[in-house]
Amino acid sequence: QELEDLACDELSKIDESVDEIIIKKMHDWITPYFDLENNDPLYAEKNLPTIPEEVKLVNWKDEENPFLIRTIQRIADRLGSTVLDRSNSTGTRKDLAINILIRSYDFFDEDVGAVIIDVDDFPYILNDNDNEPGFILELHDMLTETTISWTQMRVFGLDTFIQFDPMNPIGSYTLQNLIEIKELDIEIDLVLDIKPSTHDSSVIITGTAPHVIEHITIRTGFRNIEIEVSTLVALDEQKVSKLRLGAILDEEKIMKCLLSTVWKMGITVLSANAGSIIRPVIDGFVDDGLDSVVNTGAQVAMTAYSESILSALPGIFQTNFRTKLNNMLDDYLNSPENVSCKTRPFPRSEGFVDLRDFLLEAGDASSAGGSGTSPYGEITPKIKSFIDNALLDNDPLTGEAGINEVVIAPITMYQSGISGTYLHSEDLFTLQLNDTASGMINADIRLYKARLDHVDSLSQPMGFLQPIDSDPYILNNGFSIGTKGKPLIASVRLLVSAHSGESLPIGMNILDRKRFEERNWFFTHNEMDFSIEFEDIQVLGDFLAKI
């Protein structure tokens, strides 16, 4: 209470109000970030040091890149596509694959819907390495000596991507990533260590003011965030080609093994724009006076500078954030333990990979008779589980497999212009019997316009590369089609034509046909459509795979 009374008394003597002080500091902080020149995303590529003769870099524009690089590019492309969302997080039963993948990982806390970052995990994310872990800011004036540090950060909205377009080659060694996020909210837990001032201008009498520690939480956020990240990714092609399968299947090793192939890497462009900013709210002050002063100051600053902050956001990201991230990246890559690719050998049962452990998560593998120890890593089981959930399992609302809406419907729409229908453009069968020399009757027989309707009627029971309990090398595959009141319909048109004289031209109009009939003493032309419906078809097949 003594500190609060003294603070209020001294602040009342200052010519400028607290609000004016905050606005001035905000202005001084934000002004340098306006009207910065845009960086050339290829500047790092254009200024690469001399590449040694023994090093051949991966050219991201080359379609003949190593298999691993092409696979990573295809997976990245698929992460931006819309798939079935079993959790119905968006209320539409659909979501981008990247959002569903983020929610499936351990670093995303589904209970609170956020990524939780503790200070021990990234102690210098908000400061330089020469400070104490978690340190943010130190203030020393006539009243107090205050140190501000953070203990935990919670980031909400990392699963609200509405655009995810990664790994677009804009240079031989530079990739551009375009991202749009619907909403991003941040909570930061801070510790304010407030001591009586020891400054030369201090108005505090030694021993009269207490040492105060406040634990507070700041909440703020952005809406409709657009982010562009261009990155120099110069990989040694020889090192990429030498990576073993175990290196990319082990979740603990994959990042280290991929980084071990890096020759040069750095962020060249980091730009962010936001549609709006959420005014910060600060909770947790024990002292009501400090609570009122700080929250009032924050609201005043946001009222005056919210639009300016949004305008300066690209400059802030391109300078401060990009520099800090590049420094962190350099430090990480320069540490041998972070780029050491030591893979464990694949354990084999009787000389072959146990497919139950290879394709199933630990608990399911154990139940199926495998070891249940994930001896081949966690990546393949996660990919298979993702495919099963997003594409093969029945939607609880429609009763149909997700593959119908996500894969088959768009493919058939592209192929035929009709969702769920496949059209065969070529004749299935053609037979022409011509004998114009003798004037005998000639015949034409055609099977054409073949089509399949309701191809998008797949449902359970369905399985893809599903290990069985009794054998470590047998994979079960199967699907049901023509279900849920949508029978599979196969149809075809039969043409039977007989005539005298020359052969019947294909595609003649009515007038040409009349003239053709007048020139021939005999003519008959018949077209018949045949169709057959199949309901609840089940296709099953097991195959042996020894790897």
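Asn99 is buried, at a relative accessible area of 0% (buried means under 20% relative accessible area, exposed over 50%, and partly exposed in between, with a 1.4 Å probe and protein chains only). The structure is a predicted model, in which local features need pLDDT of at least 70, side-chain atom pairs count only at pLDDT 80 or more, and totals for chains, interfaces and linings use all residues. Residues are numbered from 1 along each chain as its sequence is written, and side-chain values use heavy atoms, with hydrogens and water left out.

Asn99 belongs to helix 5 (residues 97–104). Helices (H or I, at least four residues) and strands (E, at least two) are DSSP runs, numbered from the N terminus. A polar atom of the Asn99 side chain lies 2.9 Å from the backbone nitrogen of Phe161. A polar contact is a pair of N or O atoms within 3.5 Å; within protein, one must be able to donate a hydrogen and the other to accept it, and residues adjacent in sequence count only if both atoms are side-chain atoms. Leaving aside residues up to four places away in sequence, Asn99 touches Leu158, Asp159, Thr160 and Phe161 (contact means heavy atoms within 4.5 Å).

Salt bridges were examined next. The structure holds 16 of them, each defined as a side-chain nitrogen of Lys or Arg within 4 Å of a carboxyl oxygen of Asp or Glu. Side chains of opposite charge can pair when their charged atoms come close. Arg103 pairs with Asp95 at 2.6 Å, N to O. Arg103 is buried, at 9% relative accessible area. Asp95 is also buried, at 8%. Lys46 forms a salt bridge with Asp40, at 2.8 Å from N to O. Lys46 counts as exposed because its relative accessibility is 59%. Asp40 is partly exposed, at 33%.

A further salt bridge joins Arg493 and Asp529, with the closest N and O atoms 2.8 Å apart. This pair links distant parts of the chain: Arg493 sits in strand 16 (residues 488–499) and Asp529 in strand 17 (residues 523–534), 36 residues apart. Asp529 is exposed, with a relative accessible area of 56%. Elsewhere, a network of salt bridges links Arg154, Glu187, Asp189, Arg219 and Asp283.

Strand pairing was also assigned. Two strands pair if DSSP finds at least two bridges between them. Strand 14 (residues 459–468) and strand 15 (residues 471–481) run antiparallel and pair over five bridges. The two strands form a hairpin, with two residues between them. Within this pairing, Pro467 has Leu475 of strand 15 as its bridge partner.

A nonpolar surface patch comprises Leu428, Phe429, Leu431 and Leu433, which together have about 350 Å² of accessible area. Patches are made of residues with over 30% relative accessible area and no salt bridge; like charges are joined within 9 Å, and nonpolar side chains (Val, Leu, Ile, Met, Phe, Trp, Tyr) within 5 Å. Accessible areas come from the Shrake-Rupley method with a 1.4 Å probe, and for residues only the protein chains shown count as cover. Leu431 lies in strand 12 (residues 429–433). Leu431 is partly exposed, at 33% relative accessible area.

Phe358 is located in helix 10 (residues 355–359). Phe358 counts as buried, since its relative accessibility is 14%. The C-alpha atoms of Phe358 and Glu378 are separated by 8.4 Å, the two residues being 20 residues apart along the chain.
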